[in-house]
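Let's take a friendly walk through one protein chain together. Keep the structure open beside the text as you read.

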Amino acid sequence: MLKVLTYDNISVAGLERLPRDRYEVASEIQHPDAILLRSHNLHGVPIPESVKAVGRAGAGVNNIPVAEYSKRGVPVFNAPGANANAVKELVIAGMLLAARNICEAWDYARQLEGGDDAIHRQVEKTKKKFAGFELAGKTLGVLGLGAIGVRVANAATSLGMHVSGYDPLLTVESAWQLSSSVARAASIDDLIAKVDFLTLHVPLNDQTRHLVNGARISIMRKGAVLLNFSRAGIVDDPRVIEALDSGHLHAYVCDFPSRAMLSHPRALVLPHLGASTVEAEENCAVLVADRVRDFLENGNIRYS
Ligand code: MLT
């Protein structure tokens, strides 16, 4: 029997790829042959001697000490692209939330008192303060043109946005998938300086930590919206808060709660929901379970 230790709620569709006559799968298990997880933090967690493979049911692997596993000859598989559609849809929703002041308007509407006539009168008097702006005709910058960035860029063009992207590591596959309407910026700063919305789709590593720092925020257009569905560490939070306070940024939409952001009225904070759809959870779990199984049973290493 091969033993698989699971952290987080790995979709049943993925677990079913590990046949019960050959695999024992549990959230507590001694001497695992493999680990399957989502966002559980493995930094500082001793690597079990028995482990031969790790499967991350998602794209980012920053919660796993990959170098330490590699030194032990343990491959870390992830599921790039498997949740890209889910993240794309939430990024588009995030732009709309910010542009149309939907969170503030919803809060206001839920507090309206009185009967329908009274509500109607109050709404007509106050709705002007929630007037927003349209996405069509605005510019969107996409930093990072991997599976998610390409999908966001292409979807935004269909909303009538002017889209440009930047990725120094653009793959041939992504270049093929990218709509010809998406312009290519010459550098990060060139991208950032020209957009009304900036969305980040890069992994968190030593090169990208605080990629969006105070200097970069200062070259963004006044009133721009910053969206971060990548990882918290890619932006320098205190500098974002300063920019929100001064009105330099209209809003910060992010998928990573922190105390400071949660209490800021111009930060629209979600609890890491980008990949949380039934479809994405299934796709990711199936893909990594298949990869882990293929490695354990056949020694195959498939990363793409
Ligand atoms: C990812 O890196 O793809 C996401 O963090 C996945 C998740 O939410 O588990």
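Which residues point one way from strand 9, and which point the other way? F197 and T199 point to one side of strand 9, L198 and L200 point to the other, and all are buried. A residue is called buried if 20 or more other C-beta atoms lie within 10 Å of its own, exposed if 12 or fewer do, and partly exposed in between, with C-beta atoms placed from the backbone.

Before going further, here is how to read the model. It is predicted, so local features need a pLDDT of at least 70 and side-chain atom pairs count only at pLDDT 80 or more, while totals for chains, interfaces and linings use all residues. Residues are numbered from 1 along each chain as its sequence is written.

**The chain as a whole**

The chain has 304 residues, and buried residues make up 38% of them. Its C-alpha atoms fill a box of roughly 70 × 50 × 35 Å, taken along the principal axes. The secondary structure comes to 12 helices and 12 strands. Helices (H or I, at least four residues) and strands (E, at least two) are DSSP runs, numbered from the N terminus.

The domain assignment gives domain 1 (2–80 + 278–298) and domain 2 (84–269); such bounds come from an automatic or database assignment. The C-alpha centres of domain 1 and domain 2 lie 32 Å apart. The contact between them takes 5 residues from domain 1 and 5 residues from domain 2. Here, two residues are in contact if their C-beta atoms, placed from the backbone, lie within 7 Å.

Strands of a sheet pair through backbone hydrogen bonds, either parallel or antiparallel. In this chain, 7 strands form an open sheet in the order 8-7-6-9-10-11-12, and the pairing is parallel. The edge strands are strand 8 (183–184) and strand 12, each pairing on one side only. Two strands count as paired if DSSP finds at least two bridges between them.

| Strand pair | Bridges | Facing residues |
|---|---|---|
| Strand 6 and strand 9 | 4 bridges | V142 and T199 |
| Strand 9 and strand 10 | 4 bridges | L200 and N228 |
| Strand 10 and strand 11 | 5 bridges | L227 and V253 |
| Strand 11 and strand 12 | 3 bridges | V253 and L268 |

Strand 9 (residues 197–200) runs parallel to strand 6 (residues 139–143). In strand 9, L198 is the bridge partner of G141. From strand 9 the chain crosses through helix 9 to strand 10, and this β-α-β crossover is right-handed. Right-handed means that, with the strands pointing away from the viewer, the path from the first strand over the helix to the second runs clockwise.

Strand 11 (residues 249–254) is mostly covered: 6 of its 6 residues are buried. The chain reaches strand 11 from strand 10 through helix 10 (residues 237–246), again by a right-handed β-α-β crossover.

Another open sheet has 5 strands in the order 2-1-3-4-5, with parallel pairing. Why is one side of strand 2 and of strand 5 left without a neighbour in the sheet? Strand 2 (23–26) and strand 5 (76–77) stand at the edges, so each has a single partner strand. Strand 3 (residues 34–37) and strand 4 (residues 53–56) pair in the parallel sense over 4 bridges. Across this pair, L37 has R56 as its bridge partner.

**Around the ligand**

Which residues surround the ligand? They are R38, S39, G58, A59, G60, N83, H272 and A275, where a residue is near a molecule if its C-beta atom, placed from the backbone, lies within 6 Å of it. This shell divides into 2 nonpolar, 5 polar and 1 charged. In this grouping, Ala, Val, Leu, Ile, Met, Phe, Trp, Tyr, Cys and Pro count as nonpolar, Asp, Glu, Lys and Arg as charged, and the others, Gly among them, as polar.

**Two loop residues**

Most residues other than glycine have a negative phi. N101 has a positive phi of about 50° although it is not a glycine. N101 sits in the loop between helix 3 (84–99) and helix 4 (102–110), and N101 is partly exposed, with 17 other C-beta atoms within 10 Å. H210 has a positive phi of about 55° and is not a glycine either. Its place is the loop between strand 9 and helix 9 (214–219).
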